[in-house]
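This briefing covers a helix packed on a sheet, the sheet itself and a pocket. The structure is shown first, and the points follow by topic.

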Amino acid sequence: MEIRFENVNFTYQPDTPFENKVLHDINFTIKDKSYTAIVGHTGSGKSTILQHLNALKIPTTGSVWIGDTEISAKDQVKSLNDIRKEVGVVFQFPEAQLFEETIGKDIAFGPQNFGLSEEEALKRAEEILPVVGLDASFMDRSPFDLSGGQMRRVAIAGVLVMKPSVLVLDEPTAGLDPKGQFEMMSLFKELHEKQDITIVLVTHQMEDVADYADHMIVLDEGRVVGEGAPGEVFQNEQWLQSIQLDVPKTVEFAQMLAEDEQWVLEDVPLTIHELSDFIMEKLQKSAVQGERTGDVDG
């Protein structure tokens, strides 16, 4: 499912002394089956845009298109429930929203709220558990007896059980240790690749953008100031720093190497594997040239 913002503006508390315009003429498209990252420093408008992605907020002016449904201040949307089935949002620290006495009941709450019987909702809950790396034995356990990482998986299962076409992730690895971060991002990668779910990653973790996203949108002071493939955007390190954003450590290291003319970059390596391949290739070429020089000297 494609999501499109057309000249979206948003103002908190309009026509009051506390009026605060936070989005200015936002235009972008999140393509169907893409993995799009939305990045920006604190106060750039990320959270407000996130809330427009499934109509938690309505534009003050302009339109948000979610599939074939237009959402704007002038149009009355017939059913926001239909939109929220299609666009699932995993908020930061989603485990804080767990409340039922068993994991099965917690996951089944959403489907029941949308009209499924308890039996059918529990069946769906049991079917979704393996998708997040848990098994049926968790159904009758209390969510509050789990580790932090397991609780987050249960909360994500509660979103996935609605079978969304788009999954929006708000800083999904916040509070997790490095192992937990890797496992969580690997889960979303698998959902994207094997189930064709469109992923929207709202984050300040540039390494995650480099490792997983195929497109990125850069925000600053409520405006879209850049977008493109991560490899293109991350080449402009000075510009990113000017809007208080970093580049991935791999890019930073590669650009440091490139200060030596022997390490000229053709394409910026984004991931650890790409950086490793780049270094190995350069070392191999250097070794071959050294051998040739030795032959000539001999």
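In this predicted model, helix α5 lies across strands β6 and β7. The angle between α5 and β6 is about 165°. α5 spans residues 148–160 and β6 spans residues 87–90; both give two or more residues to the lining of the largest pocket.

**Sheet**
- The strands β6-β7-β8-β3-β9-β10, in that order, form an open sheet of 6 strands with mixed pairing.
- β6 and β10 (223–228) are the edge strands, each pairing on one side only.
- From one strand to the next, the twist averages 20°.
- β7 (residues 166–170) pairs with β8 (residues 198–202) in the parallel sense, over 5 bridges.
- Opposite I199 in β8 stands L167.

**Largest pocket: size and lining**
- The volume of the largest pocket is about 610 Å³.
- Its lining consists of 24 residues.
- By class, 15 of the lining residues are nonpolar, 6 are polar and 3 are charged.
- V89, Q97, G110, G158 and V159 are the lining residues that lie nearest the pocket centre.

**Largest pocket: contributing elements**
- Besides α5 and β6, the elements that give two or more residues to the lining are α2 (80–86) and α3 (103–113).
- α3 provides the largest share of the lining, 5 residues.

Methods: Residues are numbered from 1 along each chain as its sequence is written. This is a predicted model: local features need pLDDT of at least 70, side-chain atom pairs count only at pLDDT 80 or more; totals for chains, interfaces and linings use all residues. Side-chain values use heavy atoms; hydrogens and water are left out. On a 1 Å grid over the protein atoms alone, a cavity is a set of points where a 1.4 Å probe fits but cannot get out, and a pocket is an open set with protein on both sides within 12 Å along at least five of seven lines; lining residues have an atom within 4 Å of a point. Grid points are joined across faces, edges and corners, and a volume is the space filled by probe spheres set on the points. Helices (H or I, at least four residues) and strands (E, at least two) are DSSP runs, numbered from the N terminus. Ala, Val, Leu, Ile, Met, Phe, Trp, Tyr, Cys and Pro count as nonpolar, Asp, Glu, Lys and Arg as charged, and the others, Gly among them, as polar. Two strands pair if DSSP finds at least two bridges between them. Axes are lines fitted to C-alpha atoms, for helices over the stretch in contact, and angles run from 0 to 180 degrees between N-to-C directions. Contact means heavy atoms within 4.5 Å.
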